[in-house]
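Subject: Structure handover

Hello,

Here is the structure for you to take over. My notes on what was found follow below it.

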Amino acid sequence: MRMHCTCSLNRFQFKPSVLFRCTNIHPKPSSIRSSILATMSTVSTESAVASDQNGSTNDAQKPLQVSNRLEKFKTTIFTRMSNLAIQYGGINLGQGFPNFDGPEFVKEAAIQAIKDGKNQYARGYGVPDLNLAISERFKKDTGLVVDPEKEITVTSGCTEAIAATMLGLINPGDEVILFAPFYDSYEATLSMAGAKIKCITLRPPDFSLPINEFRSAISKDTRAVLINTPHNPTGKMFTRDELNEIASLCIENDVLVFADEVYDKLSFEMDHISIASLPGMFERTVTMNSLGKTFSLTGWKIGWAIAPPHLTWGVRQAHAFLTFATSTPMQSAAATALRAPESYYEELKKDYLSKKAILEEGLKAVGFKVFPSSGTYFIIVDHTPFGLKNDVDFCEYLIKEVGVVAIPTSVFYLNPEDGKDLVRFTFCKDENTLRAAVERMKEKLTRKS
């Protein structure tokens with residue numbers, strides 16, 4: 001018996017390689033600005049030159065080769081926009097990585113682990129002490145007692161946890177329900193797994209769950225629902241009522257839940273709830289998380305998946321042939337991080353609330369329509385007051401003419417039209433950077449309506 005305590009991508013031109021079915025169908029835009037298209041569709045391997053046996057170079061480019069299931073996915077939106085930030089000297093409020101470092105006590109633990117010789121392959125599913133630390137943290141957060149040896153798998157970031165879960169538990173033709181907008185790796189990984197995707201669109205201003213649409217979307221072919229809370233890119237947190245509705249329908253229809261909870265410590269207006277902690281849900285849930293967002297160490301790529309043994313088996317089988325093992329000294333330091341006192345998490349939330357206020361108030365003063373962000377370190381805004389026809393055009397203008405980088409949200413939808421009015425900003429930057437970005441926008445952006 002389970003114990004409880006009382007306590008993106010150029011989606012504008014592609015050949016579909018996955019069978020998609022979305023509850024809202026709109027025509028796709030036929031083109032985008034040529035300059036951003038050129039930048040966003042270029043991959044680093046394109047300019048490679050070959051040397052012939054006489055030592056000369058052949059700079060004729062060969063056609064790019066990629067499997068059909070990945071043909072539509074080019075360089076990620078985050079890489080593209082960060083490259084444009086460098087090209088135009090923009091302040092990068094696009095990609096969600098901090099421009100400040102993680103805590104000293106965690107970095108020192110990594111240095112010590114390296115000095116102590118913890119530098120060879122780790123055990124495939126995790127260094128024992130990290131597995132134990134994850135189980136301890138999960139118990140504090142959810143009240144669930146999990147077996148660190150049988151129910152926890154350490155991965156190379158949450159992105160690999162997502163990939164291992166999809167590839168290990170989804171068969172070709174299985175149906176998986178996503179909530180749009182969604183983190184771009186979901187669609188790509190499901191494409192690799194050969195899944196069919198059903199899409200439920202969350203809409204502003206509150207991005208609430210359309211429960212009747214969700215109820216209608218579940219079918220006898222539905223294998224899993226993928227949920228992200230707190231939610232990237234909207235900042236939405238699924239309420240207890242919404243999670244109960246999802247749980248009830250998943251139990252009724254024998255559907256799995258894959259829960260991405262990487263922003264669980266960045267919940268501002270309500271307590272984060274792990275869906276695995278709801279009655280009857282642990283046995284059908286894979287909970288995925290990572291170290292990077294909570295400890296500002298995104299480059300370490302330490303993640304994990306928590307699931308009952310019958311689901312952990314599939315996750316571990318895929319993980320074994322994706323990466324096999326994750327960085328040994330960083331795992332050791334991650335165990336130290338997860339045992340941080342509660343005061344660390346309190347200060348983290350306090351610090352991010354201050355950053356959030358600077359950006360949120362600044363965006364409103366600039367003239368954006370700003371939607372509430374209850375969690376994560378992202379804010380979604382409506383850019384239409386500035387007169388650009390879509391999010392990509394607006395982000396191009398913002399980089400080139402204003403010197404600030406945001407992410408066009410249409411790349412997070414199966415139907416880009418659903419996101420064409422929205423852009424995403426991040427506040428995981430130091431306060432001076434956030435203020436400088438706001439000042440640039442105040443100076444150079446002019447409302448058209």
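Arg 215 is partly exposed in this predicted model, with a relative accessibility of 38%. Its salt-bridge partner is Glu 245, and the closest N and O atoms of the two are 3.8 Å apart. The pair connects distant parts of the chain, 30 residues apart: Arg 215 belongs to helix 7 and Glu 245 to helix 8 (residues 240–253). Glu 245 is also partly exposed, at 32%.

In total, the structure has 22 salt bridges. One of them joins Arg 339 to Asp 129 at 3.0 Å, N to O. Arg 339 sits in the loop between helix 11 (328–338) and helix 12 (342–366), while Asp 129 is in helix 4 (residues 128–142), 210 residues away. Arg 339 has a relative accessibility of 35% and counts as partly exposed; Asp 129, at 38%, is partly exposed.

Another salt bridge pairs Arg 203 with Asp 418 (4.0 Å, N to O). Arg 203 is in the loop between strand 7 (196–201) and helix 7 (211–217), and Asp 418 is in the loop between strand 15 and strand 16, so the bridge ties together parts 215 residues apart in sequence. Asp 418 is buried, with a relative accessible area of 16%, whereas Arg 203 is partly exposed at 36%.

Strand 13 (residues 378–382) and strand 16 (residues 422–426) are joined by 5 bridges.

Regards

Terms used
Residues numbered from 1 in each chain as written. Predicted model: local features only at pLDDT ≥ 70, side-chain atom pairs only at ≥ 80, totals over all residues. Heavy atoms only, no water. Pairing = 2+ DSSP bridges. Helix = DSSP H or I, 4+ residues; strand = E, 2+ residues; numbered from the N terminus. Salt bridge = Lys/Arg side-chain N within 4 Å of Asp/Glu carboxyl O. Buried < 20%, exposed > 50% of the residue type's maximum accessible area, 1.4 Å probe, protein only.
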